[in-house]
Amino acid sequence: MEYINDSILKKVYQPRPENTHKYDFGYLLIIGGSHLYTGAPALIAMAALRAGIDLSFVIAPQRAADIIASFSPNLIAYPLKGQDLGYQHLSSLISLTESAKRASRGKIAVAIGGGIGRDEKTQKLVNEYLLRIDIPAVIDADALYAVSQYYHPLPSKDIFQGKKFLLTPNTHEFFILSGIDISKMSLEEKSQVVKDFAQKENITVLLKEEPDIISDGENIFLNNTGCPEMSVGGTGDTLTGICGCFLSQQIEPIMAASAGAYLHGKAGEIAKEQLGAGLLATDIIECVPKVIKRFNIK
């Protein structure tokens with residue numbers, strides 16, 4: 001086990017060439033939102049932009065997309081008919097993904113699950129979509145429940161095999177995924193369980209804990225940045241956006257997860273310095289560039 005330090009940020013933030021163009025530093029597709037939850041995809045998109053991605057593109061149901069587009073002129077939101085995403089939207093999602101792949105010249109990733117809901121048709125969509133894509137993905141929130149419903153009766157390798165997928169569960173979501181309750185285990189025991197699960201499923205896991213535990217089935221990294229005030233709603237979405245930014249830049253999942261967790265936690269610490277217990281997920285997003293500047297990263 002190894003604790004992450006600020007040197008990891010210098011590995012993911014390299015000087016940008018003078019002739020840099022749009023998409024050179026990533027394109028993130030965000031699939032989520034529902035008739036009830038509209039904030040999560042917007043938080044993911046804004047966090048990715050503040051972390052340095054070139055473009056965030058939200059795909060959401062009509063009402064959610066319209067609301068998300070109104071949050072900021074920096075956000076692009078593509079509406080799909082209906083109150084919630086369902087299997088009927090699969091062909092549209094695949095088509096939009098292929099178009100984005102061509103436009104981005106391979107500098108692309110997906111973040112799926114934020115506010116998407118747990119309707120059976122939505123869960124079927126999530127799993128079928130993940131089966132068909134071949135680009136890196138951050139799987140979080142309701143998408144974790146969808147995946148767990150899929151692979152307990154069936155081999156998960158159909159979804160994960162040979163793909164650069166990052167799962168970002170909390171302790172309860174990890175139990176839903178693995179069937180293993182780690183809440184009362186020691187740090188060493190938790191770390192080994194996460195490593196074993198990542199190895200078995202051929203994925204990378206970022207377990208949101210204290211400290212965070214990150215493993216790709218071979219390595220174990222620990223992150224102790226952050227603060228208790230980050231328990232406020234929406235911080236999981238901001239972490240997803242930062243990790244999605246790094247994945248889209250063709251950074252390996254274990255590095256994207258480790259750098260994302262460290263940067264996110266440091267931004268939360270700065271937000272706490274300024275706002276105390278009143279910090280919000282949006283405050284963490286605004287503090288991400290401050291972390292980058294604090295470490296003299298260009």
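Tutor: Happy to. Keep in mind that this is a predicted model. Let's begin with α2 and α10, which are oblique to each other. Two packed helices are described by the angle between their axes and the distance between the axes. For helix α2 (residues 39-51) and α10, the axes come within 7 Å and cross at roughly 45 degrees. The crossing of α2 past α10 is right-handed.

Now for the residues that touch. On the α2 side, the contact is made by A40, L43, I44, A47, A48 and A51. Facing them from α10 are D237, T238, T240, G241, I242 and C245. Sorted by class, this contact has eight nonpolar, three polar and one charged residues.

The most is given by α10, with four residues. The space in this pocket comes to about 730 Å³. Its lining has 33 residues, and K208, M230, S231, T235 and G236 lie nearest the centre. By class, 11 residues of the lining are nonpolar, 13 are polar and nine are charged. To put the two views together, α10 both packs against α2 through residues such as I242 and contributes to the lining of the largest pocket.

Technical notes
Residues are numbered from 1 along each chain as its sequence is written. This is a predicted model: local features need pLDDT of at least 70, side-chain atom pairs count only at pLDDT 80 or more; totals for chains, interfaces and linings use all residues. Side-chain values use heavy atoms; hydrogens and water are left out. On a 1 Å grid over the protein atoms alone, a cavity is a set of points where a 1.4 Å probe fits but cannot get out, and a pocket is an open set with protein on both sides within 12 Å along at least five of seven lines; lining residues have an atom within 4 Å of a point. Grid points are joined across faces, edges and corners, and a volume is the space filled by probe spheres set on the points. Ala, Val, Leu, Ile, Met, Phe, Trp, Tyr, Cys and Pro count as nonpolar, Asp, Glu, Lys and Arg as charged, and the others, Gly among them, as polar. Axes are lines fitted to C-alpha atoms, for helices over the stretch in contact, and angles run from 0 to 180 degrees between N-to-C directions. Angles under 35 degrees count as roughly parallel, over 145 as roughly antiparallel, 65 to 115 as roughly perpendicular and the rest as oblique. A crossing is left-handed if the near helix is turned anticlockwise from the far one by less than a right angle, and right-handed if clockwise. Contact means heavy atoms within 4.5 Å.
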